[in-house]
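Trainee: I am new to this structure and would be grateful for a guided introduction. May we look at it together?

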Amino acid sequence: MTPFDRPPVGMTLARTSKVVAQAFDAAMVEAGGTLPVWVTLLSVKSKELANQRELAGMIGIQGATLTHHLNGMEAQGLLTRRRDPENRRVHQVALTEAGEALFEKLRLAAVAFDKRLRAGIPDDKLAEFTKVLAALRRNAELPQS
């Protein structure tokens, strides 16, 4: 048996990840947001006030990309940014009332999507799958030899 008698795990995972990400983004758009908006709102909400540098790290994007997203979200009235009184070079980010409302809409859409994704899969299989995903991530992060 050769390693290619069945599809390589990485290829299957990449294809599945792409399909799931596209479906999740479509669910966010249908609820009035986008995946980047949802991740930004969730990150800000999970940390009462987050500075932009921390927020970019939490989301996994570069500072310039985050600034672009934040500018748009601020223009839409979803969040505010203000200078940290202790460090004027740092902006603190907080949700507005409109941001809180959109967060709730997107949260409900995310919960519904998660329920759809889990349909027909027993909890014990999902728990094992989560462990396998964590192992795959760890293996991918190891330096190549």
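**Confidence and helix packing**

Mentor: Among the elements of the protein chain, the lowest mean pLDDT (64) belongs to strand β1 (residues 50-51), and the highest (97) to helix α5 (residues 97-118). Here pLDDT is the predictor's confidence in each residue, from 0 to 100, and helices (H or I, at least four residues) and strands (E, at least two) are DSSP runs, numbered from the N terminus. This is a predicted model, in which local features need pLDDT of at least 70 and side-chain atom pairs count only at pLDDT 80 or more, while totals for chains, interfaces and linings use all residues. Residues are numbered from 1 along each chain as its sequence is written, and side-chain values use heavy atoms, with hydrogens and water left out.

Trainee: What is the mean pLDDT of the protein chain?

Mentor: Where pLDDT is low, the predicted coordinates should not be read in detail. In the protein chain, 94% of residues reach 70 or more, and the mean pLDDT is 88.

Trainee: Which residues of α3 are buried?

Mentor: Buried means under 20% relative accessible area and exposed over 50%, with partly exposed in between (1.4 Å probe, protein chains only). In helix α3 (residues 52-59), the buried residues are Gln52, Leu55, Ala56 and Ile59. Seen down the axis of α3, these fall within an arc of 100° (taken from the directions from the helix axis to the C-beta atoms), so they line one face of the helix. The face turned away from this buried side carries the exposed residues Arg53 and Gly57, whereas the buried ones are Gln52, Leu55, Ala56 and Ile59.

Trainee: Is Thr40 buried or exposed?

Mentor: Thr40 is found in helix α2 (residues 35-46). Not counting residues up to four places away in sequence, Thr40 touches Leu55, Ile59, Leu70, Met73 and Leu79, where contact means heavy atoms within 4.5 Å. Because its relative accessibility is 0%, Thr40 counts as buried.

Trainee: Which residues does Leu126 touch, not counting those up to four places away in sequence?

Mentor: Leu126 has its place in helix α6 (residues 123-141). Leu126 is buried, with a relative accessible area of 15%. Gly60, which takes a positive phi of about 90° just after α3, is 66 residues from Leu126 in sequence and 25 Å away in space, C-alpha to C-alpha. With residues up to four places away in sequence left out, Leu126 touches Arg118 and Ile121.
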